[in-house]
Structure formats: C-alpha cells, structure tokens
Amino acid sequence: MSRYAPQKRERRANRWLPVIGLMLAALLAIAAYLIAFPLVELGRDQSETIDDAYGDLRQQFAGYDWYADSERYHGNNIVEILVAAVLWLVLMGLAMLAVGLATYGTDPERRAWKQMGPPPANKKAVAKQLKKDLKELKRQEREFKRKKD
C-alpha cells in the first residue's frame, strides 16, 4: 500500500518585480518633486539665513551659461530640484528597506543550499544530520504503522 504525498510547489520569482520597482521609483520622483515646492517655501519662511542661502544658490547657478540656456526647462527652480533629488533619495532608501524586509528569505539559491545538507568535510555536522534523518524516518515509520492498524 502506498500513500500519496503531494509535492511542495516551488515558488517562482515574480517577473513583474523590476517593472513594479521602476514604476515605484517614478512615482516617488513625482511625489518628491511635488513635495519639494512647499518644503522650500516652509524653509524660506522659517529662517532668513535659509532664504539667503537659497537666493545665493540661485544667483550662482544663474551665472552658468548652460543653466541660463536651459531656463525654459527648469524655470530657475534649482533649489526645488535639488531638494526634490535629496527627498527622492531618502524616499527610495525607505522604499528599498521596506521591499527588502518584505522579500527577506525568498532567495531560491538559499533554499537549495539548505536542502543540500552539511559538507562532507564537516564530520560532526554530517553525523548530526544523519541522526536527525534517522529520527525523522523512525517518526514516519511509527506514523505509517499507526495508519496501517
């Protein structure tokens, strides 16, 4: 008499994960850009030193030819763009941390290493694994006898 034991299905990696990551990065960039304008205004309202630093930065960049030539694209918002870039890096770091915590332990290569057992050179680990396997076989045999009776 044989018994049927369904095999465990191996989980496949989600092939859409890189696309989702790229969309997340783009959405966080848009969010950072939208948040940067009120954040810069808040900083300017809080301190005149910050307001002067922002003005100096704008004047410094206005002196560059490449910056003046491309003003129709950035609208002299260099401070907001820099704040948005820093904010995007912070948000991406937090998002990568969250994704890393959510996908921890799902590396298929790691599962294969666990299934291989200890290396033969490690005699103590091999003996321990053999004892563990023997104990599991005895447990399965007792369970089989119990079901047979």
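A residue counts as buried under 20% relative accessible area, as exposed over 50%, and as partly exposed in between. These classes are applied here to a predicted model. Tyrosine 64 has a relative accessible area of 34%, so this residue is partly exposed.

The protein holds 7 helices and 0 strands. From the N terminus on, its elements run α-α-α-α-α-α-α. Of its 149 residues, 12% are buried. The accessible surface comes to about 13200 Å². Carbon and sulfur atoms account for 61% of that surface. Contacts between residues at least 6 apart in sequence were also examined. Of these, 54% join residues at least 24 apart.

In one of them, the ring centres of phenylalanine 61 and tyrosine 64 lie 5.7 Å apart. Their planes stand at 85 degrees, so the pair is edge-to-face. Phenylalanine 61 also pairs with tryptophan 66. Here the centres are 6.1 Å apart. The planes again stand at 85 degrees, and the pair is therefore edge-to-face. Planes over 60 degrees apart fall in that class. Tryptophan 66, at 54% relative accessibility, counts as exposed. Phe61, Tyr64, Trp66 and Tyr67 form one aromatic cluster.

Tyrosine 54 lies in helix H2, which spans residues 48-62. Glutamate 80 lies in helix H5, which spans residues 78-102. In sequence, 26 residues separate tyrosine 54 from glutamate 80. In space, their C-alpha atoms are 9.5 Å apart. With a relative accessible area of 18%, tyrosine 54 falls under the 20% limit and is therefore buried. Glutamate 80 has a relative accessibility of 4%, so this residue also counts as buried.

Glutamate 80 is in contact with Ala36, Phe37, Val40 and Arg58.

Key: Residues are numbered from 1 along each chain as its sequence is written. This is a predicted model: local features need pLDDT of at least 70, side-chain atom pairs count only at pLDDT 80 or more; totals for chains, interfaces and linings use all residues. Side-chain values use heavy atoms; hydrogens and water are left out. Helices (H or I, at least four residues) and strands (E, at least two) are DSSP runs, numbered from the N terminus. Buried means under 20% relative accessible area, exposed over 50%, partly exposed in between (1.4 Å probe, protein chains only). Contact means heavy atoms within 4.5 Å. Rings of Phe, Tyr and Trp (its six-membered ring) pair if their centres lie within 6.5 Å; planes under 30 degrees apart count as stacked, over 60 as edge-to-face and the rest as tilted. Accessible areas come from the Shrake-Rupley method with a 1.4 Å probe; for residues, only the protein chains shown count as cover. Lists of a residue's contacts leave out its neighbours within four places in sequence.
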